Amino acid sequence: MVFLLLFCIGRDNPWDPVNNCPEILRREIIKRQTIAIDSSIGKIVSSDTISARITGVLDSVRKLNDSILQINHLIAAKMDSLRKKNMQIDSINRLTAECSIDTQILLGTLPFLTELQAQSFEDHRNLLSIESLKVAALISAGNQECSPQGVYKPAAIDSIFGIVKPSFEKWDSVEACWQLYSQQIKDTNLLNIDIFNRQVEIDNNSIRAYNESRAMMVVYCGKELQSNTDSLKKIIPSLVPGDTLYLDSLNFSSQFTFHQIGDSLGPPIVVIGSPFMNTVVSPAGFFLTESHNIRFYNLVFAGGLHSGVKLELNCSRILFENCVFRNNNLHGVEAIQSSLELRNCQIFHNSGSGIRVQGMNTVEYGLVADNVLVSHNRAYGINSISAGLMISNATISDNGLDGMRLEVASLPATIARSLITFNGYYGLRRDLSEQGQGFFTTPNTNFYGNVSGAMFADSIYLRLNEPYLNENPWFLNRDEDRYLIGSQSNLSGMAVGYRY
(Lines give C-alpha, C1' and ligand atoms only; values in the text may rest on other atoms or scores of the structure.)
Protein backbone atom coordinates (compact mmCIF):
# COMPACT_ATOMS: atom_id res chain seq x y z
CA MET A 1 0.00 0.00 0.00
CA VAL A 2 2.87 2.44 0.82
CA PHE A 3 4.40 1.89 -2.57
CA LEU A 4 1.03 2.51 -4.18
CA LEU A 5 0.60 5.76 -2.41
CA LEU A 6 4.07 6.95 -3.38
CA PHE A 7 3.54 6.20 -7.01
CA CYS A 8 0.12 7.76 -7.01
CA ILE A 9 1.23 11.23 -5.73
CA GLY A 10 0.47 13.97 -8.21
CA ARG A 11 3.29 16.31 -9.45
CA ASP A 12 1.21 19.44 -9.91
CA ASN A 13 1.89 20.67 -6.25
CA PRO A 14 3.83 24.02 -6.41
CA TRP A 15 5.50 23.33 -3.04
CA ASP A 16 7.00 20.09 -4.26
CA PRO A 17 10.86 20.46 -4.18
CA VAL A 18 10.90 18.82 -7.59
CA ASN A 19 9.36 22.02 -8.93
CA ASN A 20 12.69 23.90 -8.24
CA CYS A 21 11.51 26.36 -5.53
CA PRO A 22 8.82 28.25 -7.39
CA GLU A 23 8.89 32.03 -7.52
CA ILE A 24 5.97 32.41 -5.14
CA LEU A 25 7.97 30.60 -2.43
CA ARG A 26 11.11 32.61 -3.14
CA ARG A 27 9.21 35.87 -2.81
CA GLU A 28 7.61 34.70 0.43
CA ILE A 29 11.01 33.84 1.98
CA ILE A 30 12.64 37.10 0.82
CA LYS A 31 9.69 39.16 2.06
CA ARG A 32 9.84 37.45 5.44
CA GLN A 33 13.61 38.03 5.84
CA THR A 34 13.90 41.50 4.32
CA ILE A 35 12.89 43.33 7.52
CA ALA A 36 15.59 41.58 9.61
CA ILE A 37 18.26 41.94 6.92
CA ASP A 38 17.46 45.64 6.40
CA SER A 39 17.60 46.18 10.18
CA SER A 40 21.10 44.68 10.44
CA ILE A 41 22.35 46.52 7.37
CA GLY A 42 20.88 49.73 8.77
CA LYS A 43 22.80 49.29 11.99
CA ILE A 44 26.00 48.63 10.07
CA VAL A 45 25.55 51.65 7.79
CA SER A 46 24.56 53.91 10.71
CA SER A 47 27.94 53.16 12.35
CA ASP A 48 29.44 55.27 9.55
CA THR A 49 28.14 58.32 11.43
CA ILE A 50 30.12 57.28 14.52
CA SER A 51 33.29 56.59 12.52
CA ALA A 52 32.88 59.98 10.83
CA ARG A 53 32.53 61.66 14.24
CA ILE A 54 35.67 59.93 15.52
CA THR A 55 37.51 60.95 12.35
CA GLY A 56 36.42 64.54 13.07
CA VAL A 57 37.79 64.32 16.61
CA LEU A 58 41.07 62.93 15.27
CA ASP A 59 41.36 65.78 12.76
CA SER A 60 40.64 68.38 15.46
CA VAL A 61 43.29 66.94 17.78
CA ARG A 62 45.79 66.86 14.92
CA LYS A 63 45.20 70.56 14.21
CA LEU A 64 45.49 71.41 17.93
CA ASN A 65 48.73 69.47 18.30
CA ASP A 66 50.16 70.97 15.14
CA SER A 67 49.68 74.41 16.69
CA ILE A 68 51.26 73.19 19.97
CA LEU A 69 54.27 71.88 18.05
CA GLN A 70 54.68 75.26 16.35
CA ILE A 71 54.53 76.98 19.74
CA ASN A 72 57.03 74.49 21.18
CA HIS A 73 59.44 75.19 18.35
CA LEU A 74 59.35 78.89 19.22
CA ILE A 75 59.69 78.19 22.96
CA ALA A 76 62.68 75.88 22.40
CA ALA A 77 64.39 78.50 20.29
CA LYS A 78 63.72 81.12 22.97
CA MET A 79 65.15 78.83 25.67
CA ASP A 80 68.35 78.41 23.67
CA SER A 81 68.58 82.18 23.49
CA LEU A 82 67.96 82.52 27.24
CA ARG A 83 70.68 79.97 28.01
CA LYS A 84 73.16 82.04 26.01
CA LYS A 85 72.00 85.20 27.77
CA ASN A 86 72.43 83.57 31.18
CA MET A 87 75.98 82.59 30.23
CA GLN A 88 76.65 86.22 29.30
CA ILE A 89 75.20 87.37 32.64
CA ASP A 90 77.53 85.00 34.49
CA SER A 91 80.54 86.21 32.47
CA ILE A 92 79.70 89.84 33.23
CA ASN A 93 79.15 89.09 36.92
CA ARG A 94 82.59 87.53 37.18
CA LEU A 95 84.16 90.75 35.93
CA THR A 96 82.18 93.19 38.08
CA ALA A 97 82.30 94.06 41.75
CA GLU A 98 80.69 91.71 44.25
CA CYS A 99 78.01 94.25 45.17
CA SER A 100 76.50 94.31 41.71
CA ILE A 101 73.68 91.86 41.12
CA ASP A 102 72.52 90.51 37.79
CA THR A 103 70.23 87.56 38.17
CA GLN A 104 69.76 84.89 35.56
CA ILE A 105 66.42 84.25 33.89
CA LEU A 106 64.40 81.12 34.57
CA LEU A 107 63.65 78.92 31.58
CA GLY A 108 60.19 77.83 30.46
CA THR A 109 58.85 74.37 29.78
CA LEU A 110 57.03 73.03 26.74
CA PRO A 111 53.31 72.21 26.86
CA PHE A 112 52.54 68.57 26.21
CA LEU A 113 50.57 67.45 23.18
CA THR A 114 46.92 66.61 23.73
CA GLU A 115 46.53 62.86 23.94
CA LEU A 116 43.61 60.96 22.44
CA GLN A 117 41.05 59.43 24.75
CA ALA A 118 40.56 55.68 24.67
CA GLN A 119 37.96 54.51 22.17
CA SER A 120 36.03 51.22 22.27
CA PHE A 121 36.91 50.22 18.72
CA GLU A 122 36.54 46.57 19.60
CA ASP A 123 32.95 47.10 20.73
CA HIS A 124 32.03 48.87 17.50
CA ARG A 125 33.86 46.27 15.42
CA ASN A 126 32.05 43.46 17.28
CA LEU A 127 28.72 45.16 16.57
CA LEU A 128 29.50 45.22 12.85
CA SER A 129 30.57 41.58 12.94
CA ILE A 130 27.44 40.48 14.81
CA GLU A 131 25.08 42.28 12.43
CA SER A 132 27.02 41.00 9.44
CA LEU A 133 26.78 37.45 10.77
CA LYS A 134 23.03 37.92 11.24
CA VAL A 135 22.70 38.89 7.58
CA ALA A 136 24.80 35.90 6.51
CA ALA A 137 22.74 33.60 8.73
CA LEU A 138 19.46 34.87 7.26
CA ILE A 139 20.73 34.42 3.73
CA SER A 140 21.91 30.90 4.53
CA ALA A 141 18.60 29.99 6.20
CA GLY A 142 16.62 31.32 3.25
CA ASN A 143 18.73 29.36 0.81
CA GLN A 144 18.29 26.19 2.82
CA GLU A 145 14.49 26.56 2.73
CA CYS A 146 14.68 26.31 -1.03
CA SER A 147 17.50 23.78 -1.19
CA PRO A 148 19.28 23.13 -3.34
CA GLN A 149 18.53 26.10 -5.59
CA GLY A 150 18.29 28.77 -2.87
CA VAL A 151 16.50 32.11 -3.03
CA TYR A 152 19.47 34.51 -3.12
CA LYS A 153 21.51 34.58 -6.26
CA PRO A 154 25.28 35.27 -6.01
CA ALA A 155 24.80 38.71 -7.53
CA ALA A 156 22.22 39.60 -4.87
CA ILE A 157 24.49 38.36 -2.09
CA ASP A 158 27.42 40.39 -3.48
CA SER A 159 25.17 43.43 -3.64
CA ILE A 160 24.13 43.04 0.02
CA PHE A 161 27.65 42.61 1.29
CA GLY A 162 28.83 45.35 -1.05
CA ILE A 163 26.88 47.67 1.23
CA VAL A 164 28.43 46.16 4.39
CA LYS A 165 32.07 45.98 3.28
CA PRO A 166 32.79 49.75 3.11
CA SER A 167 31.66 50.15 6.74
CA PHE A 168 34.19 47.56 7.86
CA GLU A 169 36.90 49.24 5.81
CA LYS A 170 36.06 52.64 7.33
CA TRP A 171 36.27 51.29 10.88
CA ASP A 172 39.53 49.49 10.19
CA SER A 173 40.99 52.67 8.68
CA VAL A 174 39.78 54.91 11.52
CA GLU A 175 41.10 52.52 14.16
CA ALA A 176 44.50 52.19 12.46
CA CYS A 177 44.86 56.01 12.14
CA TRP A 178 43.71 56.54 15.73
CA GLN A 179 46.09 53.98 17.21
CA LEU A 180 49.04 55.15 15.12
CA TYR A 181 48.55 58.83 15.93
CA SER A 182 47.90 58.05 19.60
CA GLN A 183 51.26 56.27 19.82
CA GLN A 184 52.99 59.13 17.99
CA ILE A 185 51.62 61.60 20.55
CA LYS A 186 52.76 59.45 23.48
CA ASP A 187 56.23 59.04 21.98
CA THR A 188 56.58 62.77 21.37
CA ASN A 189 55.41 63.63 24.89
CA LEU A 190 57.69 61.06 26.51
CA LEU A 191 60.81 61.12 24.35
CA ASN A 192 60.92 64.77 23.33
CA ILE A 193 58.83 67.11 25.46
CA ASP A 194 59.26 65.37 28.81
CA ILE A 195 63.04 65.05 28.38
CA PHE A 196 63.24 68.73 27.36
CA ASN A 197 61.21 69.77 30.41
CA ARG A 198 63.30 67.64 32.76
CA GLN A 199 66.45 69.37 31.55
CA VAL A 200 64.75 72.76 31.98
CA GLU A 201 63.92 71.88 35.58
CA ILE A 202 67.54 70.89 36.22
CA ASP A 203 68.73 74.15 34.68
CA ASN A 204 66.18 76.17 36.67
CA ASN A 205 67.37 74.61 39.93
CA SER A 206 70.89 75.79 39.08
CA ILE A 207 69.58 79.24 38.11
CA ARG A 208 67.68 79.58 41.40
CA ALA A 209 70.80 78.60 43.35
CA TYR A 210 72.85 81.07 41.32
CA ASN A 211 70.39 83.90 41.94
CA GLU A 212 70.26 83.11 45.65
CA SER A 213 74.04 83.32 45.81
CA ARG A 214 73.96 86.71 44.09
CA ALA A 215 71.40 87.93 46.61
CA MET A 216 73.67 86.81 49.44
CA MET A 217 76.50 88.83 47.90
CA VAL A 218 74.44 91.98 48.22
CA VAL A 219 73.92 91.26 51.91
CA TYR A 220 77.60 90.50 52.44
CA CYS A 221 79.49 93.07 50.42
CA GLY A 222 80.11 96.54 51.68
CA LYS A 223 79.94 95.41 55.32
CA GLU A 224 82.66 95.55 57.95
CA LEU A 225 84.39 92.18 57.59
CA GLN A 226 86.09 90.53 60.56
CA SER A 227 89.44 88.97 59.79
CA ASN A 228 91.37 89.11 63.08
CA THR A 229 91.07 85.92 65.13
CA ASP A 230 91.85 87.61 68.46
CA SER A 231 89.20 90.25 67.83
CA LEU A 232 86.66 87.57 67.00
CA LYS A 233 87.28 85.75 70.26
CA LYS A 234 86.32 88.95 72.06
CA ILE A 235 83.36 89.77 69.82
CA ILE A 236 81.66 86.37 69.94
CA PRO A 237 80.96 86.30 73.72
CA SER A 238 79.44 89.79 73.46
CA LEU A 239 76.97 88.97 70.69
CA VAL A 240 73.34 89.72 71.55
CA PRO A 241 70.10 88.89 69.73
CA GLY A 242 69.85 90.90 66.51
CA ASP A 243 73.62 91.17 65.92
CA THR A 244 75.17 90.17 62.60
CA LEU A 245 78.82 89.18 62.30
CA TYR A 246 80.51 89.21 58.85
CA LEU A 247 83.61 87.04 58.41
CA ASP A 248 86.22 87.84 55.79
CA SER A 249 87.28 85.62 52.89
CA LEU A 250 90.18 83.81 54.53
CA ASN A 251 91.17 80.78 56.60
CA PHE A 252 90.51 80.91 60.36
CA SER A 253 92.67 78.34 62.14
CA SER A 254 91.58 79.03 65.69
CA GLN A 255 88.93 77.39 67.87
CA PHE A 256 85.70 79.31 68.41
CA THR A 257 83.21 78.74 71.21
CA PHE A 258 79.65 80.04 71.50
CA HIS A 259 78.70 79.57 75.17
CA GLN A 260 75.31 80.66 76.51
CA ILE A 261 74.81 83.00 73.58
CA GLY A 262 71.47 83.96 72.04
CA ASP A 263 67.86 83.99 73.18
CA SER A 264 65.25 81.61 71.81
CA LEU A 265 62.58 84.32 72.10
CA GLY A 266 64.47 87.25 70.60
CA PRO A 267 65.73 87.97 67.07
CA PRO A 268 68.50 85.68 65.79
CA ILE A 269 72.22 86.22 65.91
CA VAL A 270 73.64 85.89 62.39
CA VAL A 271 77.16 84.90 61.33
CA ILE A 272 77.83 85.27 57.59
CA GLY A 273 80.88 84.19 55.59
CA SER A 274 81.74 84.94 51.99
CA PRO A 275 79.14 83.74 49.46
CA PHE A 276 82.12 82.60 47.36
CA MET A 277 82.60 79.88 50.01
CA ASN A 278 86.15 80.94 50.85
CA THR A 279 85.55 81.69 54.52
CA VAL A 280 87.10 78.55 56.00
CA VAL A 281 87.49 77.40 59.59
CA SER A 282 90.42 74.94 59.39
CA PRO A 283 91.46 73.04 61.34
CA ALA A 284 87.87 73.26 62.43
CA GLY A 285 87.11 73.75 66.10
CA PHE A 286 83.62 75.20 66.41
CA PHE A 287 81.64 74.56 69.59
CA LEU A 288 78.22 75.68 70.74
CA THR A 289 76.96 75.03 74.27
CA GLU A 290 73.68 76.19 75.80
CA SER A 291 73.19 78.61 72.92
CA HIS A 292 70.02 79.50 71.05
CA ASN A 293 68.70 81.09 67.87
CA ILE A 294 71.94 81.49 65.92
CA ARG A 295 72.19 81.30 62.14
CA PHE A 296 75.40 80.53 60.24
CA TYR A 297 75.76 81.14 56.49
CA ASN A 298 78.45 80.42 53.87
CA LEU A 299 81.04 78.76 56.11
CA VAL A 300 83.39 75.85 55.48
CA PHE A 301 84.42 73.65 58.44
CA ALA A 302 87.35 71.46 57.44
CA GLY A 303 90.23 69.42 58.83
CA GLY A 304 89.02 69.40 62.43
CA LEU A 305 90.82 67.21 64.95
CA HIS A 306 87.38 66.08 66.11
CA SER A 307 84.02 67.04 64.60
CA GLY A 308 83.82 70.05 62.31
CA VAL A 309 81.05 71.55 64.47
CA LYS A 310 79.73 70.28 67.80
CA LEU A 311 76.57 71.34 69.62
CA GLU A 312 75.86 70.22 73.18
CA LEU A 313 73.87 70.94 76.33
CA ASN A 314 70.48 71.95 75.05
CA CYS A 315 71.33 74.14 72.08
CA SER A 316 68.21 75.02 70.11
CA ARG A 317 67.22 76.85 66.91
CA ILE A 318 70.73 76.54 65.50
CA LEU A 319 70.75 76.81 61.71
CA PHE A 320 73.59 76.19 59.26
CA GLU A 321 72.74 77.26 55.72
CA ASN A 322 74.94 76.96 52.65
CA CYS A 323 77.75 75.48 54.71
CA VAL A 324 80.29 72.72 54.05
CA PHE A 325 81.58 70.17 56.60
CA ARG A 326 84.45 68.16 55.11
CA ASN A 327 87.57 66.17 55.93
CA ASN A 328 87.15 66.28 59.70
CA ASN A 329 88.72 63.55 61.86
CA LEU A 330 85.43 62.63 63.53
CA HIS A 331 81.98 63.70 62.37
CA GLY A 332 81.08 66.48 59.97
CA VAL A 333 78.60 68.00 62.41
CA GLU A 334 77.53 66.60 65.78
CA ALA A 335 74.63 67.53 68.08
CA ILE A 336 74.48 66.10 71.62
CA GLN A 337 71.23 66.75 73.48
CA SER A 338 70.64 69.63 71.11
CA SER A 339 68.49 70.42 68.09
CA LEU A 340 70.05 71.22 64.75
CA GLU A 341 68.83 72.52 61.40
CA LEU A 342 70.76 72.23 58.13
CA ARG A 343 69.77 73.80 54.85
CA ASN A 344 71.61 73.68 51.51
CA CYS A 345 74.68 72.05 53.09
CA GLN A 346 77.33 69.56 51.97
CA ILE A 347 78.82 67.06 54.41
CA PHE A 348 81.45 64.74 52.97
CA HIS A 349 84.77 62.93 53.45
CA ASN A 350 84.65 62.93 57.25
CA SER A 351 86.32 60.09 59.16
CA GLY A 352 83.26 59.42 61.31
CA SER A 353 79.65 59.97 60.29
CA GLY A 354 78.49 62.88 58.19
CA ILE A 355 75.88 63.92 60.77
CA ARG A 356 75.46 62.55 64.28
CA VAL A 357 72.59 63.58 66.52
CA GLN A 358 72.04 62.18 70.01
CA GLY A 359 69.01 62.99 72.12
CA MET A 360 67.24 61.66 75.18
CA ASN A 361 64.07 59.64 75.65
CA THR A 362 62.70 62.25 78.02
CA VAL A 363 63.35 65.34 75.87
CA GLU A 364 62.66 65.72 72.15
CA TYR A 365 65.82 66.71 70.35
CA GLY A 366 66.22 66.30 66.65
CA LEU A 367 67.55 67.14 63.22
CA VAL A 368 65.77 69.11 60.51
CA ALA A 369 67.61 69.01 57.20
CA ASP A 370 66.57 70.19 53.75
CA ASN A 371 68.62 69.97 50.58
CA VAL A 372 71.74 68.36 51.99
CA LEU A 373 74.45 66.23 50.40
CA VAL A 374 75.94 63.59 52.73
CA SER A 375 78.55 61.53 50.90
CA HIS A 376 81.77 59.57 51.26
CA ASN A 377 81.82 59.64 55.05
CA ARG A 378 83.73 56.71 56.50
CA ALA A 379 81.02 55.65 58.97
CA TYR A 380 77.31 56.45 58.56
CA GLY A 381 75.80 59.16 56.44
CA ILE A 382 73.45 60.12 59.28
CA ASN A 383 73.57 58.48 62.71
CA SER A 384 70.57 59.25 64.93
CA ILE A 385 70.36 58.12 68.56
CA SER A 386 67.08 58.83 70.36
CA ALA A 387 66.46 61.81 68.09
CA GLY A 388 63.62 62.86 65.83
CA LEU A 389 64.34 63.44 62.14
CA MET A 390 62.71 65.55 59.46
CA ILE A 391 64.78 65.24 56.30
CA SER A 392 63.83 66.30 52.79
CA ASN A 393 65.63 66.51 49.45
CA ALA A 394 68.75 64.83 50.74
CA THR A 395 71.30 62.82 48.80
CA ILE A 396 72.94 60.28 51.14
CA SER A 397 75.40 58.28 49.10
CA ASP A 398 78.62 56.28 49.12
CA ASN A 399 79.05 56.30 52.90
CA GLY A 400 81.15 53.49 54.39
CA LEU A 401 78.44 51.94 56.57
CA ASP A 402 74.68 52.49 56.38
CA GLY A 403 73.31 55.57 54.69
CA MET A 404 71.20 56.18 57.82
CA ARG A 405 71.27 54.39 61.15
CA LEU A 406 68.47 54.89 63.66
CA GLU A 407 69.57 53.77 67.14
CA VAL A 408 67.24 53.68 70.14
CA ALA A 409 64.59 54.96 67.74
CA SER A 410 61.99 56.26 70.15
CA LEU A 411 61.02 59.32 68.09
CA PRO A 412 59.52 59.45 64.58
CA ALA A 413 61.63 60.02 61.48
CA THR A 414 60.59 61.27 58.05
CA ILE A 415 62.90 61.09 55.04
CA ALA A 416 61.10 62.60 52.05
CA ARG A 417 62.04 63.14 48.38
CA SER A 418 65.58 61.89 49.00
CA LEU A 419 68.17 59.67 47.34
CA ILE A 420 69.75 57.01 49.56
CA THR A 421 72.19 55.24 47.28
CA PHE A 422 75.40 53.23 47.00
CA ASN A 423 76.08 53.02 50.75
CA GLY A 424 78.34 50.28 52.15
CA TYR A 425 75.62 48.44 54.05
CA TYR A 426 71.90 49.24 54.13
CA GLY A 427 70.33 52.41 52.84
CA LEU A 428 68.52 52.75 56.17
CA ARG A 429 68.97 50.59 59.26
CA ARG A 430 66.61 50.82 62.21
CA ASP A 431 67.90 48.91 65.22
CA LEU A 432 65.56 46.56 67.03
CA SER A 433 63.59 48.22 69.80
CA GLU A 434 60.23 48.14 71.51
CA GLN A 435 57.63 48.03 68.76
CA GLY A 436 55.09 50.79 68.38
CA GLN A 437 57.52 53.69 68.79
CA GLY A 438 59.83 55.55 66.47
CA PHE A 439 58.09 54.84 63.18
CA PHE A 440 59.90 56.05 60.09
CA THR A 441 58.43 56.99 56.71
CA THR A 442 60.18 57.51 53.38
CA PRO A 443 57.72 59.16 50.97
CA ASN A 444 59.08 59.57 47.43
CA THR A 445 62.55 58.49 48.55
CA ASN A 446 64.69 56.43 46.20
CA PHE A 447 66.80 53.53 47.48
CA TYR A 448 69.30 52.20 44.96
CA GLY A 449 72.63 50.36 44.92
CA ASN A 450 73.04 49.98 48.70
CA VAL A 451 75.25 46.92 49.20
CA SER A 452 73.13 45.09 51.79
CA GLY A 453 69.76 46.29 50.56
CA ALA A 454 67.37 49.19 50.89
CA MET A 455 66.17 48.93 54.50
CA PHE A 456 66.69 46.82 57.60
CA ALA A 457 64.01 47.01 60.29
CA ASP A 458 61.22 45.04 61.94
CA SER A 459 58.51 44.07 59.46
CA ILE A 460 55.97 46.38 61.12
CA TYR A 461 58.14 49.35 60.09
CA LEU A 462 59.07 48.02 56.66
CA ARG A 463 55.44 47.56 55.63
CA LEU A 464 54.86 51.32 55.99
CA ASN A 465 57.57 51.99 53.41
CA GLU A 466 56.82 49.43 50.73
CA PRO A 467 56.86 49.67 47.84
CA TYR A 468 59.68 52.20 47.49
CA LEU A 469 61.43 53.83 44.55
CA ASN A 470 64.35 51.84 43.16
CA GLU A 471 65.80 53.74 40.21
CA ASN A 472 69.39 54.27 39.11
CA PRO A 473 70.05 58.04 39.42
CA TRP A 474 73.02 57.88 37.03
CA PHE A 475 74.93 60.51 39.03
CA LEU A 476 77.26 62.74 37.03
CA ASN A 477 80.48 61.78 38.89
CA ARG A 478 80.28 60.13 42.31
CA ASP A 479 84.05 60.04 42.76
CA GLU A 480 84.13 63.83 42.62
CA ASP A 481 80.99 64.27 44.75
CA ARG A 482 79.03 65.54 41.76
CA TYR A 483 75.63 64.10 42.49
CA LEU A 484 73.57 65.63 39.73
CA ILE A 485 71.00 63.15 38.44
CA GLY A 486 71.84 62.06 34.90
CA SER A 487 69.45 62.91 32.09
CA GLN A 488 69.14 59.20 31.22
CA SER A 489 67.68 58.40 34.65
CA ASN A 490 63.95 57.97 35.18
CA LEU A 491 64.42 60.36 38.12
CA SER A 492 65.62 63.18 35.89
CA GLY A 493 63.58 66.33 36.35
CA MET A 494 61.97 65.11 39.57
CA ALA A 495 62.23 67.19 42.74
CA VAL A 496 64.18 64.50 44.57
CA GLY A 497 67.60 64.55 46.21
CA TYR A 498 70.13 67.34 46.73
CA ARG A 499 69.78 70.33 44.39
CA TYR A 500 72.91 72.26 43.48
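**Figure 1. Aromatic cluster.** Ring pairs join Phe-252, Phe-256, Phe-258, Phe-286, Phe-296, Phe-301, Phe-320 and Phe-325 into a cluster; rings of Phe, Tyr and Trp (its six-membered ring) pair if their centres lie within 6.5 Å, and planes under 30 degrees apart count as stacked, over 60 as edge-to-face and the rest as tilted. The model is predicted, so local features need pLDDT of at least 70 and side-chain atom pairs count only at pLDDT 80 or more, whereas totals for chains, interfaces and linings use all residues. Residues are numbered from 1 along each chain as its sequence is written, and side-chain values use heavy atoms, with hydrogens and water left out.

**Figure 2. The pair Phe-301 and Phe-320.** By the ring rule the count comes to 17 aromatic pairs. In the pair shown, the ring centres of Phe-301 and Phe-320 are 5.9 Å apart and the planes stand at 85°, so the pair is edge-to-face. Phe-301 lies in strand 8 (residues 300-302) and Phe-320 in strand 10, so the pair ties together parts that are 19 residues apart in sequence; strands (E, at least two residues) and helices (H or I, at least four) are DSSP runs, numbered from the N terminus. Phe-301 counts as buried, at 0% relative accessibility, and Phe-320 is buried with a relative accessible area of 0%. Buried means under 20% relative accessible area, exposed over 50%, and partly exposed in between (1.4 Å probe, protein chains only).

**Figure 3. Nonpolar cores.** The largest nonpolar core has 58 residues, and those with the most contacts inside it are Leu-288, Phe-320 and Leu-342. Such a core is a set of buried Ala, Val, Leu, Ile, Met, Phe, Trp, Tyr and Cys residues joined through side-chain atoms within 4.5 Å. Leaving aside residues up to four places away in sequence, Leu-342 touches Phe-320, Phe-325, Val-333, Ile-347, Ile-355, Leu-367, Val-368, Ala-369, Asp-370 and Val-372, where contact means heavy atoms within 4.5 Å. A second, separate core of 19 residues includes Ile-54, Leu-58, Met-79 and Leu-107.

**Figure 4. The largest pocket.** About 1,300 Å³ of space lies in the largest pocket. Of its 42 lining residues, Ser-206, Ala-209, Tyr-210, Ser-213 and Tyr-500 are the closest to its centre. On a 1 Å grid over the protein atoms alone, a pocket is an open set of points with protein on both sides within 12 Å along at least five of seven lines, a cavity is a set where a 1.4 Å probe fits but cannot get out, and lining residues have an atom within 4 Å of a point. Helix 4 supplies the largest share of the lining of this pocket, 14 residues. The lining divides into 18 nonpolar, 13 polar and 11 charged residues; Ala, Val, Leu, Ile, Met, Phe, Trp, Tyr, Cys and Pro count as nonpolar, Asp, Glu, Lys and Arg as charged, and the others, Gly among them, as polar.

Figure 5. The structure holds two cavities of 30 Å³ or more. The largest cavity has a volume of about 190 Å³, a volume being the space filled by probe spheres set on grid points joined across faces, edges and corners. Its lining comprises 17 residues, of which Ile-202, Asn-205, Leu-484, Ile-485 and Tyr-498 lie nearest its centre. The second largest cavity contains about 70 Å³ of space. Among the residues that line the second largest cavity are Phe-252, Phe-256, Phe-258 and Phe-286, and this lining divides into 10 nonpolar, no polar and no charged residues.
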